[in-house]
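Please read the points below with the coordinates open beside you.

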Amino acid sequence: MELSAVRCFGHRAGKALAIAALSLPLPAGADPLPCQGRYQAISGDVIMSGGGMVQVDPRNRNEGTVDLTYDGCDRIVIDGQGMRMPILRSATSGWTGTLTGGGATRVFRFTALTPRRIDSWMEAFGGGLTVQRGMKLTLVKATEHQPVNCIFDADRKAFARENAAARAFMAGRGLTPPTADFAPRDFFRAAEIEANVADPSRAASSRHIRFLLGSGNAILPATRAKTRFREVCRAEEGTLDPPRRLLDFQIGLLDNPPRAEVFAQIVDIETGRILAKRRGEAHGSDSAAIAAAMQDGAARLADDGMAFGPLSDGRAR
């Protein structure tokens, strides 16, 4: 795994994929906290991106391991493959890190899809060339002293409308927690997502509501509680149902007349491939309208064979 991408910078420049027009959404602030520990790292050319995930070309990739160690709540050190790089948590762009050397500056942006799974998008600049690479990190073994006191809870006033819409959406579909240990808020995340595009003038952000889907598209806990976070990080292989897909609702509020527009999509976490994407809408701009638009989008996904639910405790069956 070429963490620094120095070796690939020159001879891959001519092969830089025509992906600059694509956007790579990056969670802002509300992304899950990564587990501390050792990760398998796979890097290579990016085929496509979607929902904050990258799809690495299997024909040309590198593999290795790296260690993630916390140095405070907003700083992680990535160490391995002859490289040591700090990455910092930002309120607007998730986790980012920068490396320089070999005539290039490399900017890494990390998205924690789950505490055990991280995707990264890297752009290298230098000599008039730009190279883009992807990296996928999967937890192999967690260490002791997980940063439970650093968990960021997305249920904030800034997302009051989205949180209310998510709860109404779940109630409307009859989605209830499997046990008294869980509440509805444990199964979704509201976030502000920035689009990373080559043209800064096209950069924008949007509100999202996200659910993790496991076996049979059951909705998994979003790991917001400290005890649940520690349990997920320390879990032995086969004891938890790993997230397989991401259910993402991108919210748009329009005027004249006021209406909520939602793009509902299901993305395969392993590959980053969009499996289905449909649009829903409803009159109004309050939380009830957003929930209704989510229901419309979800119904259209079901028409494509992409039904989901019920809520799960996250245990492997």
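**Notes on the predicted model**

1. The chain holds 4 helices and 15 strands, where helices (H or I, at least four residues) and strands (E, at least two) are DSSP runs numbered from the N terminus. This is a predicted model, in which local features need pLDDT of at least 70 and side-chain atom pairs count only at pLDDT 80 or more, while totals for chains, interfaces and linings use all residues. Residues are numbered from 1 along each chain as its sequence is written, and side-chain values use heavy atoms, with hydrogens and water left out.

2. Of the 317 residues in the chain, 53% are buried; buried means under 20% relative accessible area, exposed over 50%, and partly exposed in between (1.4 Å probe, protein chains only). Among contacts (heavy atoms within 4.5 Å) with a separation of 6 or more, 62% come from residues 24 or more positions apart. The chain exposes about 13,800 Å², of which carbon and sulfur atoms supply 50%; accessible areas come from the Shrake-Rupley method with a 1.4 Å probe, and for residues only the protein chains shown count as cover.

3. In helix α3 (residues 226–234), the buried residues include Arg228, Phe229, Val232 and Cys233. Seen down the axis of α3, its buried residues fall within an arc of 130°, so they line one face of the helix; the arc is that of the directions from the helix axis to the C-beta atoms. Strand β9 (129–142) is included in what covers these buried residues of α3.

4. The largest pocket holds about 740 Å³ of space. It is lined by 34 residues, of which Arg117, Thr138, Pro242, Pro243 and Glu270 are the closest to its centre. The elements that give two or more residues to this lining are β2 (37–50), β3 (53–70), β9 and α3, and β3 gives the most, with 4 residues. On a 1 Å grid over the protein atoms alone, a cavity is a set of points where a 1.4 Å probe fits but cannot get out, whereas a pocket is an open set with protein on both sides within 12 Å along at least five of seven lines; lining residues have an atom within 4 Å of a point. Grid points are joined across faces, edges and corners, and a volume is the space filled by probe spheres set on the points.

5. Asp248, in strand β13 (residues 245–254), counts as buried at 2% relative accessibility. Its side chain is joined to that of His208 by a polar contact of 2.9 Å, that is, a pair of N or O atoms within 3.5 Å; within protein, one must be able to donate a hydrogen and the other to accept it, and residues adjacent in sequence count only if both atoms are side-chain atoms. The C-alpha atoms of Asp248 and Ala264 are separated by 5.8 Å, although the two are 16 residues apart along the chain.

6. Asp241 is in the loop between α3 and β13 and is buried, with a relative accessible area of 10%. The side chains of Asp241 and Arg244 make a polar contact (2.4 Å).

7. Please check the backbone around Asn256, in the loop between β13 and β14, where a cis peptide bond with omega about -5° joins Asn256 and Pro257. Phi of Asn256 is near 50°, a positive value in a residue other than glycine, and Asn256 is exposed, with a relative accessible area of 74%. The peptide bond from Gly309 to Pro310 is cis, with omega near 0°.
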